[in-house]
Amino acid sequence: MCMHDDLMASVTATVDVIRTHTDRVPKVGIILGSGLSQLVDHVDAATVIPYDKIPSFPVSSVPGHKGELVLGTLAGVSVLAMRGRFHFYEGYSMQQVTLPVRVMRALGADTLIVTNAAGGLNTAWNVGDLMLIRDHVFLPGMAGFHPLRGHNDDRFGPRFPAMLNAYDTQLQAFARHAAQQSGATLREGIYAMLAGPAFETGAEMRLLRAAGIDVVGMSTAPEVVVARHGGMRVLGISLVTNIADPAGAPANHEEVLEAGEAAKPVLSALITSVLQQIGAEVANGT
Ligand code: HPA
């Protein structure tokens, strides 16, 4: 899977397996983070494919991450949603972590909506707040754990893709509009990805804060990089599941899941509204 010749073969094989279940062409790929996966309960005409039926997919091992692909219609838009994602800290390579994004693209999706659970470094923020990701700092990527490292297959995208303005401004506008309509608090800021699985030390929190980072998590950046490599537009939403404060209590996975549970309705409403706006855009031919 990591050898360069095999990436296209893995993508093609995965597409072939999915095609034995459905011939749906998704427009939007959705990746759901810790505790957030019930968002897709309302997908209509759903085809559900457990990850263990997809030979090239790793099996998600983290509690709160159910492993299945759901293809169907949400708010009138054809979607492929991942219930549960693959994390680098589980031991998967960056290529494995991002394979589903390649698959979404190969199936026809041109838009990625990615959500995650994150620790808020800003002490003025609250658990349960949503944050529109304006940009990210991909710390493992900067240290060489990068999904595009190695041979570049030009069929996927360019050798040196730009990552400036990786998060689409139109989709951000849709998210702001959605939050205004529903009255949800939508913070905006910078997401930093750390490899995990350990939560941050106090010194690491202070370092990240000093660098202007608003929330910290263990996912998202690799998937966004690969989506941009493939020319998809991207919307990222973080759910603040805990406050990462050197003077506060240590974080734990249970509180992350609980906050995800509590935020489900608000996040579902936000994403549903964004999809409706994407649907309207398609209908207007823009
Ligand atoms: N740190 C890193 N990742 C996280 C956190 C955190 O505090 N909360 C949820 N994911």
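Predicted model: local features only at pLDDT ≥ 70, side-chain atom pairs only at ≥ 80, totals over all residues.

Visitor: Which strand pairs with S7 over eight bridges?

Guide: That's S6, residues 130-138, which pairs with S7, residues 186-193, in the parallel sense. Here isoleucine 133 stands opposite glycine 189 in S7.

Visitor: Let's move on to S4. Why is strand S4 said to be largely enclosed?

Guide: Count its residues: S4 covers residues 77-83, and seven of the seven are buried, so the rest of the structure largely encloses the strand. Val77, Val79, Ala81 and Arg83 point one way, while Ser78, Leu80 and Met82 point the other way, and all are buried.

Visitor: Which strands are joined to S4 by bridges?

Guide: S1, residues 28-32, runs parallel to S4 with five bridges joining them, and isoleucine 31 stands opposite methionine 82 in S4. S3, residues 68-74, pairs with S4 in the antiparallel sense over seven bridges. There, glutamate 68 stands opposite arginine 83 in S4. S3 and S4 also form a hairpin with two residues between them, and alanine 75 in that turn has a positive phi of about 50 degrees.

Visitor: How do you know whether serine 219 is buried or exposed?

Guide: Buried means under 20% relative accessible area. Serine 219 comes in at 6%, so it counts as buried. You'll find serine 219 in the loop between S8 and helix H6 (221-229).

Visitor: What makes the pairing of serine 219 and arginine 85 a polar contact?

Guide: The cut-off between the N or O atoms is 3.5 Å, and within protein one atom must be able to donate a hydrogen and the other to accept it. The side chains of serine 219 and arginine 85 make such a contact at 3.3 Å. The side chain of serine 219 makes another polar contact, with the side chain of threonine 220, at 3.1 Å. Leaving aside neighbours within four places in sequence, serine 219 is in contact with Arg85, His87, Asn116, Tyr191 and Met193.

Visitor: Now the ligand. Which residues have polar atoms by its nitrogen atoms?

Guide: A polar backbone atom of glycine 119 is 3.3 Å from a ligand nitrogen. For glutamate 200, a polar side-chain atom lies 2.9 Å from a nitrogen atom of the ligand. For asparagine 242, a polar side-chain atom lies 2.7 Å from a ligand nitrogen. Each of these values is within 3.5 Å, so each counts as a polar contact. Taken alone, the ligand exposes 260 Å², and the protein buries 95% of that.

Visitor: Which strands supply at least two residues each to the shell around the ligand?

Guide: Those are S5 (111-120), S8 (215-217) and S9 (233-243). S5 gives the largest share, three residues. The residues around the ligand include Ala117, Phe199, Val216, Met218 and Thr241.

Visitor: What classes of residue make up that shell?

Guide: By class, the shell has six nonpolar, four polar and one charged residues. Glutamate 200 is among the residues around the ligand, and Glu counts as charged.

Definitions and conventions:
Residues numbered from 1 in each chain as written. Heavy atoms only, no water. Near = heavy atom within 4 Å. Areas by Shrake-Rupley, 256 points an atom, 1.4 Å probe, with all protein chains shown as cover. Helix = DSSP H or I, 4+ residues; strand = E, 2+ residues; numbered from the N terminus. Buried < 20%, exposed > 50% of the residue type's maximum accessible area, 1.4 Å probe, protein only. Pairing = 2+ DSSP bridges. Contact = heavy atoms within 4.5 Å.
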